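Please examine the sequence and the structure shown below.

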Amino acid sequence: MKQYNVTGMSCAACSARVEKAVSGVPGVTACSVSLLTNSMGVEGDASAEAVVAAVEKAGYGASLKGENTAVAQTNPSEDTLQDRETPALKRRLFVSIGFLLVLMYFSMGHTMWGWPLPAFFADNHIAMGLVQLLLTATVLVINQKFFINGIKSLFRGAPNMDTLVALGAGASFAYSTYALFAMTSAQLAGDHAAVMDCMHELYFESAAMIVTLITVGKMLEARSKGKTTDALRGLMKLAPKTATVERSGAEVLVPIEQVRTGDIFVVRPGENIPVDGVIIEGESAVNESALTGESIPADKAAGGTVSAATVNLSGFIRCRATRVGQDTTLSQIIRMVSDAAATKAPIAKVADKVSGVFVPVVIGIAVVTAIVWMLVGQSFGYALARGISVLVISCPCALGLATPVAIMVGNGVGAKNGILFKTALSLEQTGKVQIVALDKTGTITRGEPNVTDIIPAEGADEAQLLETALALEAKSEHPLAKAILKLADERGMTPGEVTGFSTLPGNGLTAQLDGEKLVGGSVDFIDGQVGVPAEILSVTESLAEQGKTPILFTKAGKLLGIIAVADVIKEDSPQAVRKLRSMGIRVVMLTGDNERTARAIGKQAGVDEVIAGVLPDGKENAIRELAAKGRVAMVGDGINDAPALTRADIGIAIGAGTDIAIDAADVVLMNSKLSDVPAAIRLSRATLRNIHENLFWAFFYNCIGIPLAAGVFISLFGWQLDPMFGAAAMSLSSVCVVTNALRLNLFRAHDDNKKSNRNTKEKTNMKKTVNITGMMCGHCEARVKKTILALPGVESAEVSHATGTAVITLNAELADEVITNAIAEQGYTVTGIK
């Protein structure tokens with residue numbers, strides 16, 4: 001998508017005309033114009049020159065973003081988002097108010113409240129009228145932009161909001177000028193009664209008040225619109241301006257533009273990381289909240305990745321640059337937020353269609369209103385006042401701003417929380433999902449195997465079992481071997497040197513260590529080698545039911561025990577699933593695992609349905625079948641998830657996943673936390689609700705305001721609207737819409753309860769540490785953990801036989817007595833709970 005700056009637009013009618021003009025250019029496949037950011041996104045192979053020419057022909061200005069820089073298509077800069085409109089409008093407003101106050105003193109202060117005037121004006125009505133004319137003309141000249149743009153648009157056949165203001169204020173000024181000349185003639189003729197009648201027909205203050213009040217509204221609107229891009233500007237300010245790189249063996253401070261891929265750069269504690277890179281030396285804690293919204297620092301060591309705009313908190317690190325310039329994670333986030341602002345949500349199309357015909361219809365209503373009032377016997381001045389009221393109260397801006405301001409603010413709030421919506425469509429549609437399909441590996445689970453249980457057989461100990469397992473698995477390339485090697489590394493163990501290592505058919509390994517044969521493998525394989533006792537078989541079945549993979553080991557023909565390995569479920573996965581279900585969403589887990597393992601993981605996560613045995617190329621078919629039951633969102637992180645992400649109504653990529661998955665998705669979660677999925681859906685729903693509120697107000701305001709201005713309610717209730725109050729109402733309508741959209745900044749992504757964050761945190765983070773005696777091995781841990789997890793209100797439990805403790809996380813109150821009795825029933829003793 002190419003992005004353009006567009007100038008000269010003042011309301012929704014303008015943006016609709018620009019969009020229509022560009023859509024007609026050969027080669028343009030899609031065009032979206034944003035009145036909020038005065039920008040335009042164009043897709044297709046049409047040349048920039050043709051697009052700009054079409055915009056200019058429509059009466060507006062356009063330029064390709066970044067065309068004066070070395071790179072034509074770059075991210076928006078802070079400079080392009082700087083609010084230049086508000087200061088200019090503020091200057092216009094202050095000068096206008098100065099002249100308006102003097103005008104009001106002459107026109108209303110003296111006649112209505114008896115304020116003193118110089119003797120020259122006391123009985124000289126002509127002089128009073130001339131002063132009002134000059135002051136009004138000054139105010140109109142100061143606000144000439146309304147007339148220049150409005151009249152131009154009218155002659156082009158595309159009237160806009162400026163046209164309504166110009167016609168209303170111009171008609172009021174022209175009629176008042178006519179009345180002044182009539183008053184002069186009456187004065188010359190000595191007709192005092194006619195002079196007084198003409199004096200009451202002067203509407204100079206209305207003309208000046210109309211343009212001044214509209215300027216007030218425009219200034220407030222511009223100021224509020226400027227705040228909608230605060231999040232985007234905040235992201236841009238995060239980008240470091242310099243980097244310390246190594247050149248010819250020395251550290252050199254260079255502008256960020258001079259950093260190249262492959263450069264070695266250093267970052268000291270407290271400094272911002274300049275570009276994306278990989279740590280080659282040192283370790284530190286890095287604050288990544290600017291990109292992910294996660295306040296807890298991430299520990300980084302050699303081999304770990306770092307991103308631009310994050311903060312190095314503690315250690316000195318040397319890194320190799322992997323992504324620079326427009327390729328950094330920060331630049332991609334800025335580009336996603338900017339692109340989303342340049343697109344339009346489907347819900348905006350209704351308002352666009354209305355805006356396209358709104359102004360001509362309003363002009364027609366104003367003319368009809370004036371004619372009808374004259375036909376029923378009212379004076380021309382009275383009828384003109386009603387027509388002017390219709391012109392100035394009508395507000396196409398409120399309609400045009402209703403959707404884009406909410407989309408912009410919603411995107412900004414998402415970016416602050418590490419939730420990126422690629423388009424306005426994805427922001428709108430995410431909240432409408434009825435089914436969420438979750439890939440198991442890397443989404444519900446950590447995506448890497450871990451040792452969960454170590455259960456020695458009778459006559460063996462844990463150390464002997466681990467030493468044998470380590471010696472065998474050190475030579476293996478199997479993914480499960482990495483879990484055992486990781487545990488051994490944490491315990492500072494080194495593998496024994498084996499000989500004759502080989503992989504045997506049927507999931508088995510064998511080798512020789514000090515002349516003794518070592519064998520490891522699945523239950524069936526080991527049972528065929530040495531025979532497995534019934535009690536051990538029972539334990540392996542229990543482990544398998546929990547979604548774990550039991551690996552048995554023997555030495556010299558003797559069974560040593562079981563080491564269970566599993567892809568451990570993420571801590572926040574069960575809670576995220578519960579939140580999704582509480583929102584009325586059906587949660588489905590997709591996995592290639594066998595039915596038993598898949599059921600076990602699904603039960604732990606709390607999903608509604610498990611689809612097991614799904615091959616990588618079968619995920620797309622599974623999504624297709626689910627789509628027949630409702631609107632589907634697919635959440636995944638791997639390359640094999642890309643087709644399913646594309647097939648789903650909404651594809652959601654976990655940020656730690658592959659670039660291919662992220663490219664295929666509609667929503668990107670910068671954190672690898674599943675809890676961001678319900679947060680994204682809640683944000684989408686909040687934004688959509690805000691849009692509905694804005695559209696309701698915009699339509700309701702015009703549906704009530706126009707009949708009121710036309711005088712429909714005069715005979716019924718005696719309600720009559722002065723043109724000045726109509727102008728004030730028009731100004732406030734747009735301000736109300738923008739201000740309502742800014743309420744989205746109060747949205748809390750992970751606060752889905754009506755209670756405060758503090759109360760919620762206290763409730764969900766309640767922890768109890770239980771001291772337990774009698775646990776001797778991993779099997780004991782598994783029994784105690786299973787018992788604790790079965791208790792009501794338990795969210796998670798960490799059990800260790802080594803320390804003799806169980807740390808329980810609760811989301812509801814649970815009596816100590818209940819915990820004590822449940823553990824005692826399993827044959828263990830609780831010595832204390834704190």
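Cys31 counts as buried because its relative accessibility is 13%, where buried means under 20% relative accessible area, exposed over 50%, and partly exposed in between (1.4 Å probe, protein chains only). Cys319 is likewise buried, at a relative accessible area of 0%. A disulfide is a covalent bond between the sulfur atoms of two cysteines. With a disulfide taken as a pair of cysteine sulfur atoms within 2.5 Å, the structure holds 0 disulfides.

This is a predicted model, in which local features need pLDDT of at least 70 and side-chain atom pairs count only at pLDDT 80 or more, while totals for chains, interfaces and linings use all residues. Residues are numbered from 1 along each chain as its sequence is written, and side-chain values use heavy atoms, with hydrogens and water left out.

Two packed helices are described by the angle between their axes and the distance between the axes. Helices (H or I, at least four residues) and strands (E, at least two) are DSSP runs, numbered from the N terminus. Axes are lines fitted to C-alpha atoms, for helices over the stretch in contact, and angles run from 0 to 180 degrees between N-to-C directions.

Helix H8 (residues 161-189) packs with helix H15 (residues 380-393) at an angle of about 160 degrees, their axes lying 8 Å apart. H8 is therefore roughly antiparallel to H15; angles under 35 degrees count as roughly parallel, over 145 as roughly antiparallel, 65 to 115 as roughly perpendicular and the rest as oblique. In contacts (heavy atoms within 4.5 Å), residues of H8 including Leu164, Leu167 and Tyr175 meet residues of H15, among them Phe380, Leu384 and Ile388. By class, this contact of H8 with H15 has 9 nonpolar, 3 polar and no charged residues; Ala, Val, Leu, Ile, Met, Phe, Trp, Tyr, Cys and Pro count as nonpolar, Asp, Glu, Lys and Arg as charged, and the others, Gly among them, as polar.

H8 also packs with helix H7 (residues 144-155), at about 110 degrees and with the axes 7 Å apart, so H7 and H8 are roughly perpendicular to each other. The contact of H7 with H8 has 9 nonpolar, 5 polar and 1 charged residues.

Ser248, although not a glycine, has a positive phi of about 55 degrees. Ser248 is found in the loop between strand S5 (242-247) and strand S6 (250-255), and is exposed at 84% relative accessibility. Asp514, also not a glycine, has a positive phi of about 55 degrees. Asp514 lies in the loop between strand S18 (508-513) and strand S19 (516-521), and counts as exposed at 73% relative accessibility.
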